[in-house]
Amino acid sequence: MMKVRRYLRGSGRVLAFVFIASVIWLLFDMAALRISINDVNSHLLKERVIKERKVFKQQSKATQMMKKGFKHPVQRMDLAVTHGGKGPLGSSVKLAEVYRQRGKKQDQMLGDTKQSHLQQAGDNPLKSDHSKSVVSKHNEGANLQNGPSKQAVKAKKAVYLDLNGPKLEKSGVIDSSDKVTLLVVQSNITQVPPGVQENKPVKTGDAEVQHALDKKDLKTNVKVTDEQKISLQAEEAHPVKTTHPKKDVKGKEVDIKKEEKQVKKFVESDVNAVKQPPKPTIKLPAGDDSKDNFTAVRKPGVHKVLSLDLTHAPRDANAVGQFGQAVIVASDEDAEVKKRWDEGHFNVYLSDQIPVDRAIPDTRPDMCAQNLVHDDLPSTSVIFCFVDEVWSTLLRSVHSVLNRSPPHLLKEIILVDDFSTKDYLKKQLDVYMSQFPKVRIIRLKERQGLIRARLAGAAVAKGEVLTFLDSHIECNVGWLEPLLERVYLDRKKVPCPVIEVISDKDMSYMLVDNFQRGIFKWPLVFGWSALPDEYIKKNNMTIADPIRCPVMAGGLFSIDKKYFYELGAYDPGLDVWGGENMEISFKIWMCGGEIEIIPCSRVGHIFRGQNPYKFPKDRQKTVERNLARVAEVWLDEYKDLFYGHGYHHLLDKKINNIGNLTEQIELRNRLKCKSFKWYLDNVYPDMEAPLVKAEGLVFNRGLRKCLTLQKGSLSFEICDLSKQSQLFNYTWMRQVRQQDLCVAPQAKKSGISLQLCDDAKSELRWFHKSSNSALAEHLMAEFVSRHMCLEAGPQGDTLRLNPCEPSNAFQKWQFTHYHAQ
């Protein structure tokens, strides 16, 4: 004890105090750190629990809503109208929220939800029980077993349609360069016989919506022609009437008549602004949150886009592929999938299990549902051309148009059968489509190809606007009015929907990136490219703004019918398929029109690896021939870039006959179309299109001098850029050229001569910089059987052909400027 006291005297006491204080401080610090860590962990845990609870609620909510039965998603499109402060949201509105997710919800649908669905599909694989299939096995004729026993289909009347009758300028008949007489069979309208399909196809309830719109027309003094009156009477003759409740797949009763009244109420709410006297401002209906309320100036005669999705019977929310979700087929059914793949070059087996009127997610930008369009939009004829199309995808395409198009704007749907060979696309298709008054079937007498089939459909169309669609698509809600609005504002605008992707493997509906546009690369190869960021910023663009599109994809677009024919329609000299999108795109832009992609119009499309049908002729030769016609008529001097990218062989007109171009050239002159250079400068300025591959002085590395052309002969001089005689071009035709004279090899004497340039002559062509080989800097004669290269004499007095030597400097040539390799 005494020793301890001794150590605690004087400075030792101070040191002891400091030591004890440090220990105590350290203990407090450790305790505080532990508390801090616990707080962080608890905060992270709390966030995780909240997030998991939120996801669980959404999933359980979706499951509960689906079990209640699917009702019209149109009720969700105007939550304010449905819910405007009167009690809680109904079940149909809640389910609609599942049907249409946006923003973060959209990402969740395509991410977490899709993953959970895939797991669900894996746990409950798709069974091969065809009795439960939405679309029965058509090749066994199951759909016609009960046949038209009680009510037979009326006889079809064959009509000969001459596509190329009187010459078309403004009359609406197609140009008469190639006369093709096509047999057309127009299906008479009958009621569908019983037993056509297990899951009775839906009816679009035109009468209710049409009735509301008819009232609007009377109030706004819109003129109705006799033809329109007849059309309206025809629609009223087929109202959707339900005298007793139906039962859905769960056995629950669904009052369809009540739903139709709700749809009618929705339409009336949209046209209500037109019924009332014009006011400076109109309060647009909003939802619960006051912050969502806003006032907008609305011109008389406009309404919000009708985001319709009308079905006659409730959808089965648990059906395969419903809501555009992916489906995994069980492993024991892979053999069936592979067996039927070649029928359409996509998963036909799975497609036949999916309802023909399934719901898909609304992928439009948020502001699209609030966009205003005019009440008096033009009507449209929707034209589908097909050959041996898969039954389920064809029906799904038609149903998506019927269900999601405002009835007063949909004049008709024209199905052009390009001489299909499948039995189910004949009588069975006639019987099925007979229940839809607006659907007409046109049958061609012989195989014509997509281009002439579209011309056949356009020739009989009655709508003011032609809308061409592929036969393996699904139109989304609100798809039609944004397209027609652009045509209404300017009849020379040609709007295209955003083409989204339906997976060819799992049939899921997938989004595409924003700000995408159609472009081409040489040699006239179509592709997609994002708008440059600087262009988006410069024009202050939003994701809902129309996008100028240099080249359309070609399969889906709307165009004013009269303007289509003023442009000469499609070039009738184009065969089957290929190049028609290039031809009509260049024609529209260069002759005063515009092509736009409309982000508020969305259509899903199955992109197949290859065409399932056969070409009447060789496919490659057909496409090459079509592209050559387009190049000769529309590309001016830039056609060299087309031929120079691997199509030199098309220049020999004796071997490759592209047909008479006189009428197409005269059409371009008559329309006073601009040059292709104008198109590149104003429509597609970011396209690189140098007219030559290289130009300037031709420098010989061994001689250290430049090639010159004086008095009709070639020699060498000290290099001088100011001398015109020393300036040559290396063209896309692979010619060494000065004005109209080309350097030509002479194989027999191994000499060199000058000849008048002719793009079709292969003996005038030289390989240069065509590869990364040791001979890249050489000028190698193309037509000579063995490798012979242009060589300068050591004294600079000769120029001849000699066997190529990679290390020979006198065979190496360099142009001043290279624009392309």
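I took buried to mean under 20% relative accessible area, with exposed over 50% and partly exposed in between (1.4 Å probe, protein chains only). The model is predicted, so local features need pLDDT of at least 70 and side-chain atom pairs count only at pLDDT 80 or more, while totals for chains, interfaces and linings use all residues. Residues are numbered from 1 along each chain as its sequence is written, and side-chain values use heavy atoms, with hydrogens and water left out.

Entry on helix 19. Helices (H or I, at least four residues) and strands (E, at least two) are DSSP runs, numbered from the N terminus. I looked up the length of helix 19 (residues 619-634): at 1.5 Å a residue its 16 residues should span 22 Å, the expected span being 1.5 Å times one less than the number of residues, and the 23 Å between its end C-alpha atoms agrees with that. I then found 12 of the 16 residues buried, among them Arg625, Leu627 and Trp634. Their cover includes helix 14 (450-460), helix 18 (580-590) and helix 22 (676-682), where contact means heavy atoms within 4.5 Å. After helix 19 comes Asp636, with a positive phi near 55°.

I noted an open sheet of 5 strands in the order 11-10-9-12-19, with mixed pairing; two strands pair if DSSP finds at least two bridges between them. Strand 11 (439-443) and strand 19 (557-560) are the edge strands, each pairing on one side only. Strand 12 (residues 465-469) pairs with strand 19 in the antiparallel sense over 4 bridges, and Phe468 stands opposite Phe557 in strand 19.
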